[in-house]
Amino acid sequence: MPALTHLSSDHDETLIARLAAGDLSEAEATRARALTSSCPACAQLETDLRSIIAATSGLPAPRRTRE
């Protein structure tokens, strides 16, 4: 599937990643939700990140090789 293109060059992908992680204030979350509702690329990014979070949340922590 080809990558989607943002409708505007000023979209903040970090903001979308923080939305997926639940790491935003309410004002920031409102802004991020506006992006995901108006831009298919932002919406896809959020969906992809949430899928990765769900798939990896049950994995054990990597073993440390050194102290």
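Residues are numbered from 1 along each chain as its sequence is written, and side-chain values use heavy atoms, with hydrogens and water left out. In this predicted model, local features need pLDDT of at least 70 and side-chain atom pairs count only at pLDDT 80 or more, while totals for chains, interfaces and linings use all residues.

The chain has 3 helices and 0 strands, and its pattern along the sequence is α-α-α. Helices (H or I, at least four residues) and strands (E, at least two) are DSSP runs, numbered from the N terminus. H1 covers residues 13–21, H2 covers 26–38, and H3 covers 40–56.

H1 and H2 pack with their axes 9 Å apart, at an angle of about 110°. That makes H1 roughly perpendicular to H2. Axes here are lines fitted to C-alpha atoms, for helices over the stretch in contact, and angles run from 0 to 180 degrees between N-to-C directions. Angles under 35 degrees count as roughly parallel, over 145 as roughly antiparallel, 65 to 115 as roughly perpendicular and the rest as oblique. On the H1 side, Leu-15, Ile-16, Arg-18 and Leu-19 meet residues of H2, including Glu-28, Ala-32 and Leu-35.

For H2 and H3, the angle is about 110° and the axes are 5 Å apart, and these two helices are therefore roughly perpendicular to each other as well. Leu-35, Thr-36 and Ser-38 in H2 meet Pro-40, Cys-42, Ala-43 and Glu-46 in H3.

Of the 67 residues in the chain, 19% are buried. Buried means under 20% relative accessible area, exposed over 50%, and partly exposed in between (1.4 Å probe, protein chains only). In soluble globular proteins, nonpolar side chains tend to be buried together. The largest nonpolar core in this model has 9 residues: Leu-15, Ile-16, Leu-19, Ala-29, Ala-32, Leu-35, Cys-39, Ala-41 and Cys-42. H1, H2 and H3 are the elements that give two or more residues to this core. A nonpolar core is a set of buried Ala, Val, Leu, Ile, Met, Phe, Trp, Tyr and Cys residues joined through side-chain atoms within 4.5 Å.

Leu-15, one of the core residues, is in contact (heavy atoms within 4.5 Å) with Leu-24, Glu-28, Arg-31, Ala-32 and Leu-35, leaving aside its neighbours within four places in sequence.

Are they buried or exposed? Cys-39 is buried, with a relative accessible area of 1%, and Cys-42 counts as buried at 0%. A disulfide is a covalent bond between the sulfur atoms of two cysteines. The cut-off used here is a pair of cysteine sulfur atoms within 2.5 Å, and the whole structure has 0 disulfides. Cys-39 is in no disulfide, and the nearest cysteine sulfur, that of Cys-42, is 3.7 Å away.

Glu-46 lies in H3 and counts as buried because its relative accessibility is 15%. Asp-12 lies in the segment before H1 and is partly exposed, with a relative accessible area of 29%. Asp-12 touches Arg-31 and Leu-35, not counting residues up to four places away in sequence. The C-alpha atoms of Asp-12 and Cys-42 are separated by 8.8 Å, although these residues are 30 apart along the chain.
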